[in-house]
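Subject: Structure handover

Hello,

Here is the structure we talked about handing over. Please look through it first, then read the notes below it.

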Amino acid sequence: MTESSTRLTLDIAGWAKGLPPGLGALDLGRLAALELDLLAGDLPLPVAVLKSSALDNNRAFMRRFLAATGAKIAPHGKTTMAPALFQMQLDDGAWGITAATAAQVLAFRRFGVPRIFLANELVGRASIDAVLAELAADPKFDFYCLIDSAAGLSQLAERARLARIGRPVNVLVELGSPGARTGVRSLAQAALLARAAKAAAPWVALRGVEAYEGVFASKTAKEDEEKVGELLGRVVSLAALAREEGLFAAGPVILSAGGSSFFDLVARQLGGEQDGIVVLLRSGCTLTHDDLSYARAFDRLLERSPEVGKLGAGLLPALEVWGMVQSRPEPGLVYVNVGKRDISHDVELPVPTAWARPGLHDLPQRFAAGHRVLRLNDQHAHIAVPADSPLAVGDMVGFGISHPCTTFDKWQVLLLVDDGYRVKGAVRTYF
């Protein structure tokens, strides 16, 4: 990223949720100088925080994993939409950043991301032309997108022909499964599409094969893993066919898959380091991890791939949302000012993980059994508590989350904190 593009990620209105009132326009780069302390009560709650130690741990783990497997990563930017976190991942050697929409591609370009993998079909005149304009404006911009139909390929190739930007649009054939999102359903259809992409030169260039394996919801984890294996097997088969027929354009062949639940299987089955092959993961949630869905997925990963456990400390949850007890109207019920506008609830409800009383606790206290979120309103969490729970009005409650994507999109600013919950910086999101 360039210095000018990084600067635009710093300034924020002082009234943004989670920041102390009365700051006015704020350069987030100077936030650490304010010496704010969450546990001392310096921040208006709710607030979203990222623990720096957990981020550092997760970055180190993924570096070790990639070095051990030979895979590359283009982490999915839609998870955080936070340029400061993109920069951490690029600093760690990320091959690029993944986008889901043309709008995200344009946002990432504004942040100076040099290589973008659009893990979706690029359709529609306005979206295609916007990306083509970016490619025309910067010869160094490296861009890839997916195709899963002759109609989509034709639309993309025709807009590229009219634009005449001087180079082809890089595409990968996407393979899918019946009833499970986008992607060509059969290997035979995919082979036809790959041949059509070859014939559409010089406006497009076939650069690889892609799939997304996080679409299955079987009765057991074993069944999901079998379906993932079958899908990845088709990726390998199509790539072999396309190489044999000379369908790929010059340069490395990209085989890509990898959400945040099965990246071990992707790295193993797509082949690690092979001559002329780039195995590209797109895991977006490994940087922040979570306390629930991805934590369980990682436990399962360690069971099926014990060699990963030998890489050292695994992934840790870095993202928390803190709120304050507003009311305790009944012995077994507490209300905290964290709701659907503040925290993920699309996969499962958050979990109370710790609490603190300003002026009493220097570090968070772990909860005894029996504290759980019953439901969320827009701005309230209904929490069942034991009759002897110490929680009182004014106490702070920290929540672990499930599915980081839909917590990030609720915050303009997330605060970076040390293990004592002292504010050391911030990241801004651009949803």
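In helix H4 (residues 102-110), the buried residues are Ala102, Gln104, Val105, Ala107, Phe108 and Arg109. Buried means under 20% relative accessible area, exposed means over 50%, and partly exposed lies in between (1.4 Å probe, protein chains only). The names H and S stand for DSSP runs, numbered from the N terminus: helices are H or I runs of at least four residues, and strands are E runs of at least two. The cover over the buried residues of H4 includes helix H3 (83-91), strand S5 (97-99), strand S6 (115-121), H5 and strand S7 (142-147). Just after H4, glycine 112 has a positive phi of about 85°.

A note on the source: this is a predicted model, where local features need pLDDT of at least 70 and side-chain atom pairs count only at pLDDT 80 or more, while totals for chains, interfaces and linings use all residues. Residues are numbered from 1 along each chain as its sequence is written, and side-chain values use heavy atoms, with hydrogens and water left out.

Next, a helix pair. Two packed helices are described by the angle and the distance between their axes. The axes of H5 (residues 125-137) and H6 (residues 150-163) come within 10 Å and cross at roughly 50°. Axes here are lines fitted to C-alpha atoms, for helices over the stretch in contact, with angles from 0 to 180 degrees between N-to-C directions. On the H5 side, the contact (heavy atoms within 4.5 Å) is made by Arg125, Ile128, Asp129 and Leu132. On the H6 side, Gln155, Leu156, Arg159, Ala160 and Ala163 take part.

Now the backbone. Which residues are joined by cis peptide bonds? Another runs from alanine 201 to proline 202, with omega near 10°; proline 202 lies in the loop between helix H7 (187-199) and strand S9 (204-211).

Glutamate 35, in the loop between S2 and S3, is not a glycine but has a positive phi of about 55°. Glutamate 35 is exposed, at 66% relative accessible area. Arginine 181, also not a glycine, has a positive phi of about 65° and is exposed at 55%.

Regards
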